[in-house]
Amino acid sequence: MVALKTFKKGGVHPADNKFSADKPFVKAPLPKMAIIHVTQHLGAPAKVLVKKGDKVKTGQLIAEASGFISANIHSSVTGKVMKIDNAIDASGYKKTAIYIKTDKEEVWEDGIDTSDDLVKDIPYSPQEIVEKVKKAGVVGMGGATFPTNVKLTPPPGKKAEYVIINGVECEPYLTVDHRTMLEKGHELMVGTKILMKALGVDKAIIGIENNKPDAIEYLTKISKEYGGITIQPLKMKYPQGGEKQLINAILGREVPSGGLPIDVGVVVQNVGTTVAVYKAVQKNMPLIERTVTVSGTNFPNPANYIVRIGTPIKELVEFAGGVPENTGKIIAGGPMTGKALSSLDVPVQKGTSGVIFFPEEAAHRKPYQDCIRCAKCVSVCPSGLEPYLLMTVTEKQMYDVARKNHITDCIECGSCSFICPTYRPLLDYIRLGKKTVMDQIRAERAQKQKK
Amino acid sequence: MSEVLLNSILTLGAVAVVSAIILYFVAQKFKVEEDPRIDDIEEALPSANCGGCGYPGCRAFAEACAKADNLDNLYCPVGGNDVMKKVAEILGMEVQEQRRQVAVVRCAGSYEHREHHNVYEGPENCAVAHQLYGGETDCHYGCLGLADCVRACDFDALHMDEKTGLPVVDEDKCTACGACVEACPRDIIELRVLGKRDRKIFVSCINEDPAGPAKKACSVACIGCGLCYDACKFDAITMYDNLAYIDDKKCVLCRACVEVCPTGAIWEVNFPPRKPKPAKKKAAATAKKANETKGQTTAKPINISDLPKEDKPKEEKTEAKQPEVKQDENKTEEKKNETNENNN
């Protein structure tokens with residue numbers, strides 16, 4: 001047997017705990033009051049287009065992109081705009097949001113095809129596809145929420161050679177991409193074709209970890225109907241779902257320090273994003289709902305839900321069976337990169353891939369001790385950095401040293417904090433250092449532009 | 001034996017003499033002309049090397065002083081006016097006296113005023129916590145209580161109050177070097193000019209939320225009601241982002257704003273105790289009215305249980321503030337004694 005491919009540098013093996021892998025998607029009920037933030041993506045906040053008292057239809061544009069890296073926001077329900085006010089989001093900070101009280105009857109915006117029929121023909125030109133994706137406000141659904149249309153417009157002089165579809169889902173607990181591949185296989189294939197057409201590429205590879213044999217088998221079977229798409233099984237290892245790690249695993253190419261996947265001729269899109277692109281292009285459906293896994297070791301009924309954006313997590317959890325007893329921590333997203341929630345009033349956003357419960361005994365950090373120089377963090381870092389050093393120099397505010405040691409190449413996967421035998425908060429500090437250095441770089445760039 | 005000894009002494013001695021001559025001429029040749037006043041100035045400076053003046057260390061500041069045409073933009077916050085006078089004397093220049101500044105913590109959200117509804121377990125570092133999330137309370141502007149400012153202070157002028165979870169500035173030790181201002185990721189600490197007898201009035205809140213959420217998150221928040229703005233006759237108060245800000249340069253310390261503030265967000269420090277009762281604005285006002293109606297003008301202690309219920313949280317606030325107030329009282333008394341002596 002040939003050894004399965006995986007990325008070369010570092011990586012860890014957390015218990016995958018995919019309890020909800022065999023649970024088909026269930027539609028969650030509409031929220032009573034949808035709270036839709038205008039910053040659900042990386043980049044500039046969208047500009048609010050509605051005002052208090054306005055009636056909106058499902059799928060109506062309520063906030064428009066306000067810059068090159070920004071995304072449109074659509075209403076996920078039919079109802080009345082109650083207020084435009086600050087609302088807490090998963091970061092624990094209050095940000096501008098549009099509150100929409102849901103009507104009993106749902107009215108869709110004109111031109112949206114809500115049927116489940118598969119549309120295979122792609123009559124659109126690459127420009128039209130990018131325009132449609134932009135209009136629908138599609139962003140990366142893996143969690144990074146980078147506007148998809150920007151990824152589909154490579155900078156001049158650079159040409160994509162491959163499209164890689166990310167079906168790795170290396171985060172423990174989460175199973176939404178797995179279910180999407182099983183239940184929306186054909187949509188995924190057409191979506192991949194659309195991405196290939198938009199980028200003018202004839203080769204696409206779907207990377208799937210070998211803990212999802214059913215998805216590998218099913219997609220391998222149906223991919224024969226669609227030319228140019230191959231399925232690549234991969235050996236399980238976290239963080240294989242990182243763009244750069246996935247490219248390294250599949251093609252053996254190394255994205256240069258500070259570079260983007262397009263520098264090695266690749267564009268990576270998540271499975272969920274690809275289906276969203278399919279819906280946006282073929283059905284004119286804006287991104288108003290997403291798939292969310294609700295799970296946890298102490299959660300009796302782990303499951304996958306299709307949830308409208310803006311549904312408060314409280315309502316989703318109630319529908320899923322309520323917060324289990326003895327819960328010490330609730331995380332939005334996956335356990336490795338997600339954020340602990342400070343309130344259940346936080347709504348589901350475009351990047352919310354899961355709600356994970358942790359029992360009290362597993363919820364707490366252990367007190368940290370001095371570094372014992374075991375270099376485990378160095379050996380697991382998928383970016384080839386020295387986390388112990390980056391933490392120390394950040395602690396001492398020696399940001400120039402941090403910069404020389406490529407702190408900006410950190411992908412914030414958390415492998416270092418996961419593996420550290422003395423429980424040092426490595427990623428916490430590295431994130432601070434990375435942000436500070438990024439701010440410095442941005443300030444320098446702005447100054448240069450002025451000159 | 002003695003010959004060997006003599007030989008070595010003579011040889012070494014000769015080498016020493018030759019080297020000394022070479023060194024002398026080299027030193028003459030490569031002599032660096034330096035303003036001798038720089039050394040004098042450095043001598044006069046406090047040698048704290050804190051960077052509060054804006055220069056990297058006392059030596060650099062001394063050099064800047066020696067080069068400068070006037071001392072208008074140069075000021076050593078640690079040494080204060082005394083040191084600057086000495087520096088001016090050395091340089092033969094004039095120096096304008098500056099009013100003393102101290103660091104002021106603009107957050108009063110102690111444990112009792114702000115409900116903590118989640119637990120932060122990350123590293124004890126404000127900058128990390130601030131970047132991570134909004135904090136343990138609903139107020140996303142207020143103090144995180146992880147003591148970045150205390151660690152930044154070179155003068156031991158800050159410490160965390162365990163009861164309130166907030167940093168406390170020791171005004172006697174504070175040199176206004178600004179290290180804590182820079183360290184605070186939420187810009188809570190500000191350097192403010194002190195008035196007469198080290199008095200100051202400031203808004204102890206930077207929550208920019210509208211009144212409802214602000215008050216819900218913290219009972220002593222500034223709710224941006226504007227009552228103080230209306231009360232101020234000296235244009236010292238500006239309103240922005242649901243917040244009042246008192247300009248320390250314009251404030252005449254009349255305390256009109258303190259009296260009208262409905263949440264007690266405006267603090268007065270180093271003032272003598274009020275009549276009839278210190279620091280309890282609304283209660284004092286009510287008591288005054290009550291006394292007037294009774295025709296009594298003498299100060300009488302108020303029974304707290306007689307007051308309307310909404311005033312009770314205020315009582316807590318006074319308690320929280322007590323250590324500081326007490327200290328201040330002592331100080332004012334001392335000052336009074338001093339003035340008395342002077343008069344005598």
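1. Helices α11(A) and α14(A) are oblique to each other, because the angle between them is about 60° (under 35 degrees counts as roughly parallel, over 145 as roughly antiparallel, 65 to 115 as roughly perpendicular and the rest as oblique). Helix α11 spans residues 387–395 of chain A and α14 residues 426–450, and their axes are 8 Å apart. Axes here are lines fitted to C-alpha atoms, for helices over the stretch in contact, with angles from 0 to 180 degrees between N-to-C directions. Helices (H or I, at least four residues) and strands (E, at least two) are DSSP runs, numbered from the N terminus.

2. A word on what you are looking at: this is a predicted model, in which local features need pLDDT of at least 70 and side-chain atom pairs count only at pLDDT 80 or more, while totals for chains, interfaces and linings use all residues. Residues are numbered from 1 along each chain as its sequence is written, and chains are lettered from A and ligands numbered from 1 in the order in which they are written.

3. On the α11(A) side, P387(A), Y388(A), L390(A), M391(A), T394(A) and E395(A) take part, and they meet L426(A), Y429(A), I430(A), L432(A) and G433(A) of α14(A). Contact means C-beta atoms, placed from the backbone, within 7 Å. Eight of these residues are nonpolar, two polar and one charged (Ala, Val, Leu, Ile, Met, Phe, Trp, Tyr, Cys and Pro count as nonpolar, Asp, Glu, Lys and Arg as charged, and the others, Gly among them, as polar).

4. Helix α7(A), residues 271–283, is worth a look, as it packs with two other helices. With α1(A), residues 126–135, the angle is about 110° and the axes are 9 Å apart, which makes the two roughly perpendicular. I129(A), K132(A) and V133(A) of α1(A) meet V277(A), A280(A) and V281(A) of α7(A); five of the residues are nonpolar, none polar and one charged.

5. The axes of α4(A), residues 185–199, and α7(A) come within 8 Å and cross at roughly 80°, so this pair is roughly perpendicular too. Among the α4(A) residues in the contact are L188(A), V190(A) and L195(A), and those of α7(A) include V277(A), Y278(A) and V281(A). The contact divides into nine nonpolar, four polar and one charged residues.

6. Chain A as a whole has 14 helices and 17 strands. Its radius of gyration is 22 Å, close to the 22 Å that the globule rule gives for 451 residues, so chain A is as compact as a globular protein of that length (taken over C-alpha atoms; the rule is 2.2 Å times the number of residues to the power 0.38).

7. Two backbone details deserve a check by eye. A cis peptide bond joins Y238(A) and P239(A), with omega about -5°, and P239(A) sits in the loop between β11 and α6 of chain A. R373(A) has a phi near 60°, positive although the residue is not glycine, and lies in the loop between α9 and α10.

8. Chain B is divided into domain 1 (33–97) and domain 2 (101–269), with bounds from an automatic or database domain assignment. Their C-alpha centres lie 32 Å apart.

Technical notes
Two residues are in contact if their C-beta atoms, placed from the backbone, lie within 7 Å.
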